[in-house]
Amino acid sequence: MAGPKTPPYYSPTYKKNGPNYPSSPHSIRINLYTLAIAVTVLCSIAYLIGRGSISTSPVSNVAATIPCIPLKITSTTAVSKNSSASIDDESEGAVTDDGVKIYPPCDIKYSEYTPCEDPQRSLKFNRDRLIYRERHCPDKSQFLKCRIPAPHGYKKPFKWPKSRDFAWYANVPHKELTVEKAVQNWIRKEGDKFRFPGGGTMFPNGADAYVDDIDKLINLKDGSIRTAIDTGCGVASWGAYLLSRDILAMSFAPRDTHEAQVQFALERGVPALIGVLASKRLPYPSRSFDMAHCSRCLIPWDQYDGVYLMEVDRVLRPGGYWILSGPPIRWRKYFKGWERTKDDLNGEQTRIEEIAKKLCWKKFVEKDDIAIWQKPYNHFQCKEQKKLICRAQDSDRAWYTELETCITPLPEVSSEEEVAGGQLEKWPKRLHATPPRISSGSVNGVTAESFEKDSQLWQKRVSYYKSIDDKLNQPGRYRNLLDMNAYLGGFAASWVDDPVWVMNIVPAEEEVNTLGVIYERGLVGTYQSWCEAMSTYPRTYDLIHADSIFTMYKDRCEMEDILLEMDRILRPEGNVIIREDVDTLVEVKKIADGLNWDSLIVDHEDGPMEREKLLFAVKSYWTAPATQDSKNTSSTKSPRV
């Protein structure tokens with residue numbers, strides 16, 4: 001597909017053997033030219049000497065499993081690199097002579113496209129209980145077959161921990177929050193950067209001081225609290241400042257009138273998802289979080305028969321804490337500023353207290369602006385709650401699962417001192433200790449021995465990854481990692497000493513639900529069907545890991561749609577590692593070439609005789625064309641740092 005002489009989409013010179021590509025001496029590019037040569041040589045050798053292994057390099061001998069047929073050599077690179085077309089909705093890309101489909105850029109209007117939280121589509125749905133802000137995904141006929149552009153001037157995010165406090169304006173070009181939340185000190189624009197001072201509606205002295213205030217009430221330092229959930233997170237400053245205490249918070253907020261809250265959180269390098277408490281369960285298993293938090297999150301906890309607090313109870317671990325600051329807490333001081341009457345606020349707090357009692361929660365403390373409740377360690381003494389217990393449900397099921405007005409049952413105990421579901425080790429011992437769900441035998445097919453073997457396997461695999469691509473050894477180069485098929489969380493656990501965090505995905509189609517195990521290890525994640533888009537903004541992750549995803553979804557959805565979604569959520573110059581059978585991986589690489597990824601196939605860590613191979617890829621850097629607005633607001637510096 002020919003384009004104008006001056007393409008509207010910016011793409012700097014991208015050298016195939018340049019700094020973006022793994023530089024290990026074992027790494028050799030497998031493109032159509034080398035593939036054709038390899039096929040010819042291998043066919044000749046096979047004819048002369050029959051079977052035999054002649055390669056000791058981890059570079060995959062893909063041709064050894066491909067029939068010896070003539071290959072027509074034509075260049076796809078020129079088409080994909082120089083294509084300047086932008087498309088809208090259902091347009092299709094060009095196909096080269098050798099069958100590689102080229103995926104052109106989407107229109108700039110899609111630069112922040114979140115398919116399942118599309119603001120226009122959401123208007124068709126019920127506004128009651130914010131149902132219109134839940135996931136509503138497009139059908140297959142509406143899938144985009146193009147690459148989502150980054151804004152003009154997009155820069156590589158600041159390295160952690162600097163990214164906690166700074167982000168490039170060009171990456172998230174929205175000023176709305178700097179105006180709407182100016183007095184609350186959420187975010188400030190300073191030249192070509194945003195600065196996050198750590199402020200918040202209820203953080204007059206900053207999020208760090210606010211976390212210190214909580215630490216004075218419950219111990220945040222001894223490792224007993226590791227996972228947390230922040231409902232209505234804003235720009236996730238609470239979660240950002242918990243990280244220095246070794247507490248990993250899952251922050252979420254809807255895609256709403258405050259532009260890009262979750263996008264800012266992820267740009268800062270803080271775990272976050274687009275999400276809302278409405279009519280469906282949160283996408284987490286039961287007993288996931290040690291602590292739940294709401295700081296003026298505007299969730300009507302006292303309404304709908306307390307169903308939202310019941311959902312918090314479901315995902316809160318036995319003995320876990322629920323923290324509430326903002327309305328109605330300390331209403332006697334703030335009622336005028338909140339523009340509500342004393343009776344209204346007093347009534348709201350009374351109703352919340354009543355729901356908490358129904359849940360068998362105890363009021364732990366209320367001091368100044370903060371109130372904290374504690375969930376019981378078991379339901380042994382909660383006799384009045386027995387009639388409210390949910391019946392005949394899987395408490396871990398949470399993918400498009402309706403909320404219920406009932407209390408999620410805890411595992412049975414024999415005494416009131418026993419912790420329902422089992423006592424967890426304190427962090428960091430929790431990471432490698434056998435999770436209670438496994439030791440109790442509640443995860444089908446997983447034992448303490450197989451758990452230990454899986455942990456050792458992923459230590460070996462991640463070490464191998466780092467030997468192939470030396471950039472994986474560079475602290476700070478990566479921050480946001482995604483494991484598309486996490487199983488027991490072994491991949492994430494192997495990165496624990498690096499300055500990264502991993503979003504662990506357990507596919508909704510997986511027969512064995514292991515996400516609860518991942519949380520018991522002190523890691524975080526969510527459920528996801530990869531036939532749909534993820535609830536996140538474009539350019540969210542620095543590295544995506546996909547183990548057997550295309551095998552799992554072979555008869556469920558199209559390979560190209562999964563790869564297009566990976567391209568959407570991957571940052572420019574982000575990395576991909578895919579593990580698959582060699583035949584599947586050859587198909588994947590063909591689509592990756594059409595996406596303009598720089599990729600190669602290498603051998604399995606156990607050697608060339610294994611059919612499973614690995615594809616290492618780097619997404620190319622390119623952006624949308626400059627507009628008059630971007631020219632007026634962007635920095636004159638280089639678009640990459």
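Mentor: Let's start with α8, whose buried residues are V307, Y308, L309, M310, E311, V312, D313, R314 and V315. This is a predicted model, where local features need pLDDT of at least 70, side-chain atom pairs count only at pLDDT 80 or more, and totals for chains, interfaces and linings use all residues. Residues are numbered from 1 along each chain as its sequence is written, and side-chain values use heavy atoms, leaving out hydrogens and water.

Trainee: Why is helix α8 called largely enclosed?

Mentor: Because 9 of the 9 residues in α8 are buried. Its cover includes β7, β8 and α10.

Trainee: What makes D369 count as buried?

Mentor: Buried means under 20% relative accessible area, with exposed over 50% and partly exposed in between (1.4 Å probe, protein chains only). D369 has 13% relative accessibility, so it counts as buried.

Trainee: What joins the side chains of D369 and R330?

Mentor: A polar contact of 3.0 Å. The term asks for a pair of N or O atoms within 3.5 Å; within protein, one must be able to donate a hydrogen and the other to accept it, and residues adjacent in sequence count only if both atoms are side-chain atoms.

Trainee: How long is α18 from its first C-alpha to its last?

Mentor: Helix α18 has 13 residues and reaches 19 Å, close to the 18 Å expected at 1.5 Å a residue. The expected span is 1.5 Å times one less than the number of residues.

Trainee: And what caps the N-terminal end of α18?

Mentor: D581 does, with a side-chain oxygen 3.0 Å from the backbone nitrogen of D583.

Key: Helix = DSSP H or I, 4+ residues; strand = E, 2+ residues; numbered from the N terminus. Contact = heavy atoms within 4.5 Å.
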